[in-house]
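Here's a short tour of a protein model. Keep the sequence and the 3D view side by side as you read.

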Amino acid sequence: MPLSVATWNINSVRLRMPIVERFLVENAPDVLCLQETKCVDDQFPSAAFRKIGYRHLAISGQKGYHGVAIVARRPIEVVERRRFCDKDDCRHISVRVPVGDKSVLLHNFYVPAGGDEPDPEINWKFRHKLDFVAEMNAVRAEHDANSASILVGDLNIAPLEHDVWSHKQLLNVVSHTPVETESFEAMRKAGSWVDLMRHNVPYEQKLYTWWSYRARDWEASGRGRRLDHIWSSENLLPVFSGYDILRDARGWEKPSDHVPVIARFDIG
DNA sequence: ATGGTCGAGGGTCGA
């Protein structure tokens with residue numbers, strides 16, 4: 001019986017419940033990590049999740065902005081709601097997922113988008129994004145014989161050349177600037193995380209999880225970016241059995257600009 | 001060339 005973990009920036013959980021339910025019914029991941037829930041915990045549609053079998057909830061929301069949550073069909077225990085950059089933004093929550101006599105520590109992140117101007121001197125949002133990623137260096141892929149770690153979320157950075165539709169045209173666009181991609185990869189390596197979506201995938205293969213709302217036709221324009229990620233500790237590689245990017249979800253009714261990603265592990 | 005579209009909230013701001 002595998003363990004499956006999904007991540008999805010849904011850009012308002014209340015508005016998006018119809019397609020979130022569709023995704024859960026059709027794909028039945030054990031755990032779904034959500035970002036940009038955009039509501040306080042009292043407004044989170046907990047009853048609707050419980051009704052379709054997702055009875056275990058870990059929520060960290062705030063009014064109007066940001067917000068993360070984890071919903072699961074199996075028990076989870078909240079470990080931490082970590083603050084970053086000395087702010088009260090709800091951008092992280094971690095849970096422990098018992099898997100037989102072992103357990104997985106699961107981090108769910110929503111990294112700041114960073115604004116439009118890629119200059120930390122004149123754009124405090126970009127400064128905040130760089131500081132946030134630097135602070136993530138402390139989040140390591142903890143593991144031992146009985147435990148492993150997974151880190152997912154909207155990390156708002158497309159690190160590799162083929163994680164964007166045009167490397168050259170996006171080099172000065174926030175999400176793909178060298179200062180971001182280099183610090184991002186340094187942070188990932190410092191934590192000993194494995195980028196599962198690129199594991200055994202050809203370097204030249206384009207991978208996208210996000211398409212802008214600002215295109216007349218997202219599909220025709222083809223201008224995507226890989227902003228959502230699934231990482232794990234190295235000891236999960238032997239049981240990692242693959243993943244899917246639910247590209248079709250970008251064309252559903254009232255879509256998010258991000259699509260879900262699901263990873264599967266042959267454990268539990 | 002430098003828009004374009006969403007969501008929350010009700011103040012435009014954040015993405």
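Asn9 sits in strand β1, which covers residues 3–9. (Strands are DSSP runs of E, at least two residues, and helices are runs of H or I, at least four residues; both are numbered from the N terminus.) This is a predicted model, where local features need pLDDT of at least 70, side-chain atom pairs count only at pLDDT 80 or more, and totals for chains, interfaces and linings use all residues. Residues are numbered from 1 along each chain as its sequence is written, chains are lettered from A and ligands numbered from 1 in the order in which they are written, and side-chain values use heavy atoms, with hydrogens and water left out.

Is Asn9 buried or exposed? Asn9 counts as buried because its relative accessibility is 0%. (Buried means under 20% relative accessible area, exposed over 50%, and partly exposed in between, using a 1.4 Å probe and protein chains only.) Its side chain reaches the backbone nitrogen of Asn11 at 3.1 Å. Setting aside residues up to four places away in sequence, Asn9 touches Gln35, Glu36, Tyr110, Asp154, Asp228, Ser256 and His258. (Contact means heavy atoms within 4.5 Å.)

## Glu36 and the annotated site

Glu36 is found in the loop between β2 (31–35) and α2 (46–51). Glu36 is buried too, with a relative accessible area of 14%. Apart from neighbours within four places in sequence, its contacts include Asn9, His66 and Tyr110.

An unreviewed UniProt entry gives the feature "binding site" at Asn9, Glu36, Asp154, Asn156, Asp257 and His258. (Positions follow the numbering used here, feature names are shortened, and annotations may be inferred rather than shown by experiment.) Those residues span 250 residues in sequence, yet no two of their C-alpha atoms are more than 12.3 Å apart, so they gather at one spot.

## Arg223 and its tryptophans

Now for Arg223, in the loop between α6 (218–221) and β11 (224–225). Arg223 counts as partly exposed because its relative accessibility is 47%.

Which residues is Arg223 in contact with, leaving aside its neighbours within four places in sequence? They are Trp165, Trp210, Trp211 and Trp218. The C-alpha atoms of Arg223 and Leu155 are separated by 18 Å, and the two residues are 68 apart along the chain.

## The open sheet

Six strands make up an open sheet with mixed pairing, in the order β5-β6-β7-β8-β12-β9. (Two strands pair if DSSP finds at least two bridges between them.) β5 (77–80) and β9 (194–195) stand at the edges with a single partner strand each, so one side of each has no neighbour in the sheet.

Methods: Polar contact = N/O pair within 3.5 Å; in protein donor to acceptor, adjacent residues only side chain to side chain.
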